[in-house]
Amino acid sequence: MTGPDAVCDPEVMNDTAQPGASQAPVPPLGPAPQGAPQPDPAAYAPRPMLESEARTWSMLIHILALAAVILSGGFLGFVVPLVIWMIFRERSALVDFHGKQNLNLQLTLLVVSAAAVVIGVITVGFGFLLTGPLWLAYSIYALVISIIAGVRANSGQYYRIGFTIQFIK
């Protein structure tokens, strides 16, 4: 077959088809007919993560969030733990725990940073004399505790980070 009709021929378009081999039927589009077998919902459940994978992702939550804080000046550090936590939270309790811990730390750091800036601006700069050192101290704490939590996560421990607002429980 040549010409325009060959474009729509599935045997011509499919480069994996073997000559003379039968192909599996393609299911029709649209809703399933009444009485048709329904897919098993358990087949779509997330598969559990290996312990080594869970430890690695838990550590990466802390370390990559630390890198994001440094690269973004402290304002986008919550994005990395949020994305990793949303992807893997149902597959591992360890990743779920460390994702929540680091997300709370990063959101607290964001609130502290925003409050320091707002107070500094409202007081025409004089507030920075008080909020600047407090913001710097909490930022250093967040950097150090992220490294400690990353090491603990890599060893499989459930390390609770203190001095954070519990936005996600």
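**Group meeting talk: helices, cores and a surface patch**

By helix I mean a DSSP run of H or I with at least four residues, and helices are numbered from the N terminus.

A quick word on the source, everyone. This is a predicted model, so to speak, in which local features need pLDDT of at least 70 and side-chain atom pairs count only at pLDDT 80 or more, while totals for chains, interfaces and linings use all residues. Residues are numbered from 1 along each chain as its sequence is written, and side-chain values use heavy atoms, with hydrogens and water left out.

Back to helix 3, then. Helix 3 has 22 residues and spans 31 Å from its first C-alpha to its last, close to the 32 Å expected at 1.5 Å a residue; that expected span is 1.5 Å times one less than the number of residues. Its buried residues are Ala54, Ser58, Ile61, His62, Ala65, Leu66, Ala68 and Val69. Buried here is under 20% relative accessible area, exposed is over 50%, and partly exposed is in between, with a 1.4 Å probe and protein chains only. And what covers those buried residues? Helix 4, helix 5 and helix 6 are included in the cover.

Now for the charged pairs. How many salt bridges turn up in a search of the whole structure? There are two, where a salt bridge is a side-chain nitrogen of Lys or Arg within 4 Å of a carboxyl oxygen of Asp or Glu. One joins Glu51 and Arg55 at 3.3 Å, N to O. These two are four residues apart in helix 3 (residues 51–72), and therefore about one helical turn separates Glu51 from Arg55. Glu51 is partly exposed at 47% relative accessibility, and Arg55 is partly exposed at 31%. The other bridge links Lys100 and Asp96 at 3.4 Å, N to O. Both of these lie in helix 5, four residues apart, and here Lys100 and Asp96 are buried.

On to the inside. The largest nonpolar core has nine residues: Val69, Leu105, Leu109, Tyr138, Ala142, Ile145, Ala149, Tyr159 and Ile161. A nonpolar core is a set of buried Ala, Val, Leu, Ile, Met, Phe, Trp, Tyr and Cys residues joined through side-chain atoms within 4.5 Å.

Two contacts to look up on your screens, with contact meaning heavy atoms within 4.5 Å. Ala149 touches His62, His98, Tyr159 and Ile161, not counting residues up to four places away in sequence. Ser113, in helix 5, is buried at 3% relative accessibility, and beyond its neighbours within four places in sequence it contacts Phe75 and Trp135.

Last stop, the surface. Phe75, Leu76, Val79, Val83, Ile87, Val117, Val121 and Phe128 make a nonpolar patch of about 700 Å². Patches use residues with over 30% relative accessible area and no salt bridge, joining like charges within 9 Å and nonpolar side chains (Val, Leu, Ile, Met, Phe, Trp, Tyr) within 5 Å; the areas come from the Shrake-Rupley method with a 1.4 Å probe, and for residues only the protein chains shown count as cover. The largest share, three residues, comes from helix 4. Val83 lies in that helix and is partly exposed at 44%.
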